[in-house]
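Dear colleague,

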Amino acid sequence: MTTNTTPSRSILKRGALLAGAATLGIGLAAGLADGALKFDHPAFAQPIQLSGVQPQLPSFADMVEKVKPAVVSVRVKLKGDGESADDDQGSLDDLPPGLRRFFEQQQGPRAARPDRPKAQQAMAQGSGFFISQDGYVVTNNHVVEKASTVQLVTDDGKTLDAKVIGTDPRTDLALLKVKDGSNFPFVQLAPGKPRIGDWVLAVGNPFGLGGTVTAGIVSAQGRDIGSGPYDDFLQIDAAVNRGNSGGPTFNQKGEVVGVNTAIFSPSGGNVGIAFAVPASTVEQVVAALKKDGKVSRGFIGVQIQPVTGEIATAVGLKEEHGALVAAAEKDGPAAKAGIRRGDTILAVDGESVKDAKDLSRKIAKYAPGSKAKITVWRDGKERDITFEVGKQPSA
């Protein structure tokens, strides 16, 4: 089994389409038959009594009642000739008859009839959530990037037409707006990151089932899964599957801490490793999309590489941190300011730079045309250089 988290269709599955139900269903059935009913299994140890008090797990029921109405299913008609946007589809024909009938009822009979000609327009589904009373909705870019039409299905079953306000492929986020209506239930973005080990709740539309709630914890922060230059994912172990893409992950206050975007899975089903875009990133991207329909990011114009132990020793640094400038683009912002090859960038406006990717994230937050102070290590000492931030070239 591979442990590589580099995105690929066989390992890193994105959840826009309803494909993959067969793999998940078989996995669940096999798990129950092989182990879950063997009560003498070591996993079924008796709980430890602490001072005569039975420990209780938290209930999310009150929070679910509060936030669930703000979560929607996103239905998309795809542009093109009807070919699926994901060639890793599973087939319902491999499921046991009872389970197959269940998914047919949810997805419609077409999925069980592979010999039927493909529709002219393929359908995809994902998740999303209202962030304002007047109908703005956040989802993933990969859910709507090939959309010809977009509809939202609310928790109470209403179908709403929506339009795409803007998308940001680099963070895989998109902003939608309901065409008619107002006074929608909405949720707030969390002001800070959760801690590793905090309880979280994922709500979404896995396999088109809609209104599904799963709980888990934050497993890690700052995950780089190779999907883009600004990867900074939260890792959670709440069950997330295909169709959950674009759905929210909540903290115990009912605030959105992340947008579910990808899973690590050899099979395509949930294995307890999911990745969510942090709320801080969502807030910045949504503000830009609402204003301009796109995201303009800061640009420094250098090629950078990590500072290894050998490099740190060679240039006289005590610690391995910062980003080594391998080249400064001719006439780029850095070159114009005097930053040159061999400089090690240690900080931006006084904030320490951990590594090359951290530098990219920090510079991206600056508006093009603004000023920033770069601290570099050159000739055995620090020096500050002020430069005008450029505009990141289009994706």
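Two strands are said to pair if DSSP finds at least two bridges between them. Please keep in mind throughout that this is a predicted model.

I begin with strand β8, which covers residues 199–204. In the antiparallel sense, β8 pairs with β9 over six bridges. Within that pairing, Trp199 has Ile217 of β9 as its bridge partner.

I turn next to the charged side chains. How many salt bridges does the structure hold? There are eight salt bridges in total, and I describe three of them here.

One of them joins the side chains of Arg297 and Asp168, with an N to O distance of 2.5 Å. This pair ties together distant parts of the chain, 129 residues apart: Arg297 lies in the loop between α5 (279–292) and β14 (298–299), whereas Asp168 belongs to strand β6 (residues 159–168). Are these two partners buried or exposed? Arg297 has a relative accessible area of 7% and is therefore buried, the cut-off for that class being under 20%. Asp168 is buried as well, because its relative accessibility is 4%.

Another salt bridge is formed between Lys357 and Asp224, whose closest N and O atoms are 3.3 Å apart. Here, too, distant parts of the chain are linked, the two residues being 133 residues apart: Lys357 sits in helix α8 (residues 356–364), and Asp224 is in the loop between β9 (212–223) and β10 (233–236). With a relative accessible area of 21%, Lys357 counts as partly exposed. Asp224 is also partly exposed, at 39%.

The remaining example I wish to mention is the salt bridge between the side chains of Asp198 and Arg195, at 3.9 Å from N to O. A distance within 4 Å is what a salt bridge requires, so this pair qualifies. Asp198 is partly exposed, with a relative accessibility of 26%, while Arg195 is exposed, with a value of 63%.

With kind regards

Key: Residues numbered from 1 in each chain as written. Predicted model: local features only at pLDDT ≥ 70, side-chain atom pairs only at ≥ 80, totals over all residues. Heavy atoms only, no water. Helix = DSSP H or I, 4+ residues; strand = E, 2+ residues; numbered from the N terminus. Buried < 20%, exposed > 50% of the residue type's maximum accessible area, 1.4 Å probe, protein only.
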